[in-house]
Number of protein chains: 2
Amino acid sequence: MSRIAIVDESTSEFTKDTSLSLQQLACEPCRTIMLNSREADVKIDAVILSTTSDIQYGSTIISEYLGIKPTISQRLDNLCNSGTNAIVSAYSLIKSGFCKTALVVGADMKQTKGSRLTWDVSRGSFTSPIYWAAIFAKAHMRKYGTTEEQMASVAVKNRKSACLNQNALFRKKITVNDVMNSKKLVEPIKLLDCSNICNGASAILLTNEDEAEQYTDRPVWIEGIGSSVEAASFGNVSSNLSYIQSTRKASNMAFAMANLKPKQIDIVELHDAFTIMEILAYEDLGLCEKGEGGKFVSQQSIAINPRGGLLGTGHPLGATGVAQTVEICQQLKGKAGKRQIKRCNNGLVHNMSAAGSSSLVLILS
Amino acid sequence: MSRIAIVDESTSEFTKDTSLSLQQLACEPCRTIMLNSREADVKIDAVILSTTSDIQYGSTIISEYLGIKPTISQRLDNLCNSGTNAIVSAYSLIKSGFCKTALVVGADMKQTKGSRLTWDVSRGSFTSPIYWAAIFAKAHMRKYGTTEEQMASVAVKNRKSACLNQNALFRKKITVNDVMNSKKLVEPIKLLDCSNICNGASAILLTNEDEAEQYTDRPVWIEGIGSSVEAASFGNVSSNLSYIQSTRKASNMAFAMANLKPKQIDIVELHDAFTIMEILAYEDLGLCEKGEGGKFVSQQSIAINPRGGLLGTGHPLGATGVAQTVEICQQLKGKAGKRQIKRCNNGLVHNMSAAGSSSLVLILS
C-alpha cells in the first residue's frame, strides 16, 4: 500500500495574548500552506481541526474561511493528545483510499477549559495537572534519586533552544538557579518547571505517495504510529508512577511499525508539559535506561525538543502535537534555520494527555 | 482490500428528560454490544465518540467506564452530521490497516449548544435552524407548488412509524390537521413540522472482513460513502435553495462507490429535521425527480424513515447519524421486529448539518 507523506507544514507564533478568534488563528498556518501549494493541482479532501476549545462546526468554519469545499471536515478532541490524533485520522483517511489530501490544523486559545480536569472525580479538587506532575516527580526522586536540579536543567535546556525559535512564547535564557528560586507551586514543582498554556496554531498537509511529488522533492514519510489509551482518570493510570505506561506501549508499537530502534532516531519532540515528564519520556521512549533520565538531560548525542519544547515554546493544547510534527518535518528537510540539527534522518514525535493516561508516538523519516 | 463490516449495533431510548450524564448515557448501547460480543475474542482498538456536547476527553472517559484500553480514542464533532462522520473515521482506521475493531458511539443531551448557530454572522440574529428551514420551504413551494399539507404528511408518516419504535421520543399518531393547526413558528413552518432535540445514544461495532465472522453470520457491509462540505454559513450554502447541493454531491459519490442506483435501495434513513428537508432529500438522493418530492411523500415502494425519522424518534444531534445506521443494520438483518421491512437488501443513511451545508451518505448492504 501507498506510504503517507507530510508535504508541507507551517506554524503561527505562540502568544500570551491575541486579538484573533480561534478560527482566525487556525487559518494563519493553513494560508501559508495554501500559498506554498499554489502551483500544485491541489484539492484538499479533508480538513481536520484539533482543538480543546468549544467551537461548534469549527473545521467547517475554517474550511469556509479558507475557501475550501472538502469532502470531509471534522473537529477532533483528545485533550493535549489531540493534534497527533488528528494526524492519525488524516493518515487513515488517505491510507484507506477515501481521501488523497488532508489538511490537519491544531489550534487553541489560552482560555481553553482543557487545562482543568474537572470530570475526573478521582482527583478530588486537585483538577490542575500540576498535582499529578508532582506525584510523578516525587515517585521518580524516591526510586531513582532524580534531583530537583536535574529537573530544573530540562527547563534551562528547552528555554535555551526556544531562543532560536521566533515563534516561541519565551525567548530568554534562564539558569538552574532561576528555576530553583522560582515560586514553589506544588512540592517539588516550581513555576519554571511548568509549561504555559497559550494561543497558537500549527498545520500540516498530508497526501499519498503518488501525489507527494507535485508538492515537494522532500516528502516526510510517516513510518511508524503507536498509540495507547490506559485510562481517563488519574486513579486508574498506573499503580507504578515511576514510568508512563501509555508512552511505553505507544513507543514500542511505533518502533515496531517503522522497523527502527531508538538509537536510530536523530531528533525528538517530546511532551515536556512539566520538566519531570521530559525525564520520564526519555526512559519510556527507550532513549535511555529506566532511572537514568535525570542524568540523560545533559547528553548531546540526540536532539531533544530543539524548537524549545512545551516549556519554551508554550502549550496551546490542541496545536501542540501538530507543532511538534512541524518542527520534525522542518528539521528532516534541513529547513530549520538557526535551529537546524546536522545529520537528521529519523525523527520522533511524542504527545500525551492528562497524566500520561494516553500517549501517541509518530516516527517520521 | 478488505471490506468493512458493521457487526453489531444498539441504541438507547431517546428521551426528553434523563438523570444520566452524557458519558453514562453513551455507555448504555456500548454495554449491550460488549455483552453480545462476549464470546468473540474482542479487543476494541478504537473508540470514537460523536457528540456536540462539550465534554473534554469524552471518548477516553467512556473507554474507562467500559473497561476498555483502546489504541485510539477520539471525540469528534461536525454538528448534526457528527455521527456519520465518526463512522467514516472508524471505517478509515480499519481500512487503513491501523485498527481491526472500532466502537462508534453517538450521544447527545437535550441541553447541547449545537442547536444554536451563533458563530454564523451571515444569519444575523436568526441563529435557530428553523429560519433556514422556512426559507427552503418557501423556495420549494414557490418553484414546485409543494403544499403545507404535503409537508404535514411527512410528520404524520414519521410519527406513525415511530409508534412501532419503543425507543422513540414520540409514540402517538398525529393527523395532517394536527400539524396544520399546531403553533405557527416561522411561516410556513409549524411546531409539528419540527424535530425535537432530545437525549439519546446509539453505538455500532465495526471490523474488517477477516474478523467479521466471529461476531455475526450477517455482517452489514459499508459499500458506499459519499460526503460533501459546501460551506459553514447559511449565506454561502447555495444561491439556489430548491435543492441541497451537499446532499446531491454526497449521494452521487456514495452510489458511484457502491456501484448501485437509487432504484436498487430498499430502505432509507434520511435527515428530516424539518418536514421540508425530507421532501428535498427525496429529490437530492435521486429517489424521485426534482420538484416531485411533495407527491413522493405518499409513495409505498421504498421504506423511508421506518424507525420514525428525527421527527418521530427525536434528534440527539451527535447520536442521530449512528441511530440511523443502527436502524438500517437491524432492518438488513431482519431484526427490526414490528418495524421489519420485507425484501430488504440495500439501505441508505443520509445525514447533514446546518442548512444542508454539509451532507454524508452511507450505502449499506
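A residue is called buried here if 20 or more other C-beta atoms lie within 10 Å of its own, exposed if 12 or fewer, and partly exposed in between, with C-beta atoms placed from the backbone. Helices (H or I, at least four residues) and strands (E, at least two) are DSSP runs, numbered from the N terminus. This is a predicted model: local features need pLDDT of at least 70, side-chain atom pairs count only at pLDDT 80 or more, and totals for chains, interfaces and linings use all residues. Residues are numbered from 1 along each chain as its sequence is written, while chains are lettered from A and ligands numbered from 1 in the order in which they are written.

**View 1. Strand 8 of chain B and its partners.**
Strand 8 (residues 220-229) of chain B is mostly covered, with eight of its 10 residues buried. Two strands count as paired if DSSP finds at least two bridges between them. Strand 1 (residues 4-11) of chain B runs antiparallel to strand 8 of chain B, joined to it by two bridges. Here B:I6 stands opposite B:V220. Strand 12 (residues 358-364) of chain B also pairs with strand 8 of chain B in the antiparallel sense, over seven bridges. In that pairing B:G226 faces B:V361 of strand 12.

**View 2. Two copies and their relation.**
Two copies of a chain are related by a rotation about an axis and a shift along it. For this model, a rotation of 180° with 0.0 Å of shift along its axis superposes chain A on chain B, at an RMSD of 0.0 Å. The two copies are thus related as by a two-fold rotation axis. The same surface serves both copies: 100% of the contact residues of chain A recur in chain B. The superposition is by least squares on the C-alpha atoms of residues with pLDDT of at least 70 in both copies.

**View 3. The contact between chain A and chain B.**
Residues are in contact if their C-beta atoms, placed from the backbone, lie within 7 Å. The contact takes 45 residues from chain A and 45 residues from chain B. Four elements of chain A each supply at least two residues to the side that touches chain B: helix 2 (58-66), strand 3 (72-77), helix 3 (82-95) and strand 8 (220-229). Helix 3 of chain A gives the most, seven residues. By class, this side of chain A has 16 nonpolar, 21 polar and eight charged residues. Ala, Val, Leu, Ile, Met, Phe, Trp, Tyr, Cys and Pro count as nonpolar, Asp, Glu, Lys and Arg as charged, and the others, Gly among them, as polar.

Strand 3 of chain A pairs with strand 3 (residues 72-77) of chain B in the antiparallel sense, over three bridges. A:L76 has B:L76 as its bridge partner. Within chain A, strand 3 runs parallel to strand 2, and five bridges join them. A:L49 stands opposite A:R75 of strand 3.

**View 4. Strand 2 of chain A, covered on both faces.**
In a regular strand the side chains alternate between the two faces of the sheet. Strand 2 (residues 46-50) of chain A has five of its five residues buried. A:A46, A:I48 and A:S50 lie on one side, and A:V47 and A:L49 on the other.

**View 5. Two domains of chain A.**
The domain bounds come from an automatic or database domain assignment. Domain 1 of chain A spans 4-112 + 198-220, and domain 2 spans 127-195 + 222-364. Their C-alpha centres lie 23 Å apart. In all, 40 residues of domain 1 of chain A are in contact with 33 residues of domain 2 of chain A. Helix 3 of chain A gives the most to the domain 1 side of this contact, with seven residues. That side has 16 nonpolar, 19 polar and five charged residues.

**View 6. A:D272, a buried loop residue.**
A:D272 is found in the loop between strand 9 (267-269) and helix 9 (275-284) of chain A. A:D272 is buried because 29 other C-beta atoms lie within 10 Å. A:V154 is 118 residues away in sequence, yet 8.7 Å from A:D272 in space, C-alpha to C-alpha. Not counting residues up to four places away in sequence, A:D272 touches several residues, including A:V154, A:N158, A:S195 and A:N305.

Conventions. Contact = placed C-beta atoms within 7 Å.
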